[in-house]
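Morning, everyone. Let me put the structure up, and then we'll walk through a few places in it.

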Amino acid sequence: MSTTNTAIDNAYNALQQSFTRHYSDIFSNNLAEKTVIIIPSLTLDEEMLRTIRGVSHYEERMLCLLMLLRMPKTHVIFVSSVPVDTTIIDYYLHLLPGITGYHARQRLTLLSCYDASKKSLTEKILARPRLMKRILEHVKDPLMAHIACFNVTAHEKKLAVALNIPVYGTDPSLLYLGTKSGGRKVLKEAGVPIPDGFEDLQDEDSIVQALIRLKANNPALSKAVVKMNDGFSGEGNAIFYYRDCDCSNPQSVLEALRQKIKIVAQNMSWDFFLSKVVSMGGIVEAFVEGANKESPSVQCRINPAGISDIVSTHDQVLGGESGQVFIGASFPAAACYSQQIGQLGKRICDVMKAKGVLGRFAIDFLSVKEGDSWKHYAIEINLRKGGTTHPFLMLEFLTAGTYQWQDGIYKMPNGDTRCYFASDNLYHEKYKGLTPHDLIDIAVCNNLMYDGVKQCGVMFHMIGALSQYGKLGVVCIAETVEAAKKYYDKTVEVFNRECGADS
């Protein structure tokens, strides 16, 4: 390790220790004057991110943290790659309960790199010392400040040291735990059922051998999944079919791998997919079959005080030709198994805590109904915020409720319950050209806005992706999941009608 890296590590560790000491002061007192620096950087593989439509606007998902301004002395600094339209900011500020937009704006600082390149936002900030200086000018008290990120890598670590502000997230030295290979090892350590499979694959030959061994373990197996270690939203997965393949002949498996494997990401070749496995590692695991199969997830949080907790459970909606791409989710997960996956998640969360993990992460499951019961397979750990983070934060900020995973119910202070259906992928070609102003006009005129009195309704995110990509995110809150889905169906119906997409 170089002297520079050692110095960064030492400085970072000192910052994180300071964060632990001041954590209760920062988070327990809603009237404390504190600063949250939001860096919504998706610091992930650039080439993989390019496979996601409108990914440049995924930074906007963390605009949900503007709801922190509901605390009257909290200051928020939001940094983005390109400026966020003022219409979008106004939309979020109007949602704030008990705070006027004017009061919130006095405590909100919006900064931009004015850089739409494919580099991560954090790298862009590091390349702009004057921008970093402006960030610091708006921090009231460094001891009462922290950075909130989408994920934490060596770049975020370097930025934290440069700003001398701690990060609420896991040390990058532990990132392996959130890879497909590292996650499987954690799941095994926690004693949680996982699909049969093999980790730490680094080349084509190791993939072939893993596929052969997997079939030998289960001769009835018809499909397997090959995954890059650091895939995102299912785009790093590929489905291998054993039909017409002689697993006693490695050459036959190799030819099937090269010619017949179905890669989830559109327009991605096997050669490119393989290059990513070579560079980042990967796994092969059995494809979990089932006539009645669901894809729930458990969201966890470990705070600086060392308390681990289950934040939420969801039933994920997966799409794409192979059913591997994250489309959306309903909250909470089905009552028939939400407590079960919560218990499994808590076991995994406690193992992660013992390894030094900090902040939010999610565990994905595949659940198959067998008779009158469910069998749950944990399949991966996402050591970052994800597609289920911002919808739950919006619900929590707007309703001040709590989720008790032991009974699978979200309750507000008045005792009422709430659920939601959320998606990052409301898309249609004919939505292209709609500006943020158009969206607000359509929502207001068709009664699609969130109602703060009823504490039900529709909220939008990723609004900036609408005009260019025809893509939008929504969170629909209601008393039941069924009612929330009705809000979603109405939203789709309205937008299709307004844009002529239903003709």
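In which sense do strand 7 and strand 8 pair, and over how many bridges? Strand 7 (residues 237-241) pairs with strand 8 in the antiparallel sense, over 2 bridges. Strands here are DSSP runs of E, at least two residues, and helices are runs of H or I, at least four, numbered from the N terminus. Two strands pair if DSSP finds at least two bridges between them.

Ground rules next. This is a predicted model: local features need pLDDT of at least 70, side-chain atom pairs count only at pLDDT 80 or more, and totals for chains, interfaces and linings use all residues. Residues are numbered from 1 along each chain as its sequence is written, and side-chain values use heavy atoms, leaving out hydrogens and water.

Opposite K262 in strand 8 stands I239.

Look at I263. It lies in strand 8 (residues 262-263). I263 counts as buried, at 10% relative accessibility. Buried means under 20% relative accessible area, exposed over 50%, partly exposed in between, with a 1.4 Å probe and protein chains only. Leaving aside residues up to four places away in sequence, I263 touches N237, A238, M268, S269, W270 and F273. Contact means heavy atoms within 4.5 Å.

Now helix 7 (residues 154-163), where we find K157. Is K157 buried or exposed? K157 is buried, with a relative accessible area of 10%. Its contacts, beyond residues up to four places away in sequence, are I8, D9, Y12, D171 and P172.

On to strand 4 (residues 145-149). Here 5 of the 5 residues are buried, so the strand is largely enclosed by the rest of the structure. A145, I147 and C149 point one way, H146 and A148 the other. Strand 4 pairs with strand 1 (residues 34-39) in the parallel sense, over 5 bridges. T35 has A145 as its bridge partner in strand 4.

Cysteines. How many disulfides do we get? The count is 0, taking a disulfide as a pair of cysteine sulfur atoms within 2.5 Å. C349 is in no disulfide either; the nearest cysteine sulfur, in C300, is 4.3 Å away. Both are buried: C149 at 4% relative accessible area, C349 at 0%.

Last stop, the second largest pocket. Its volume is about 880 Å³. A pocket, on a 1 Å grid over the protein atoms alone, is an open set of points where a 1.4 Å probe fits, with protein on both sides within 12 Å along at least five of seven lines; lining residues have an atom within 4 Å of a point. Volume is the space filled by probe spheres set on the points, which are joined across faces, edges and corners. There are 34 lining residues, and F27, R301, R360, L393 and E396 are the closest to the centre. Elements giving two or more residues to the lining include helix 1 (3-28), strand 1, strand 4 and helix 13 (389-399).
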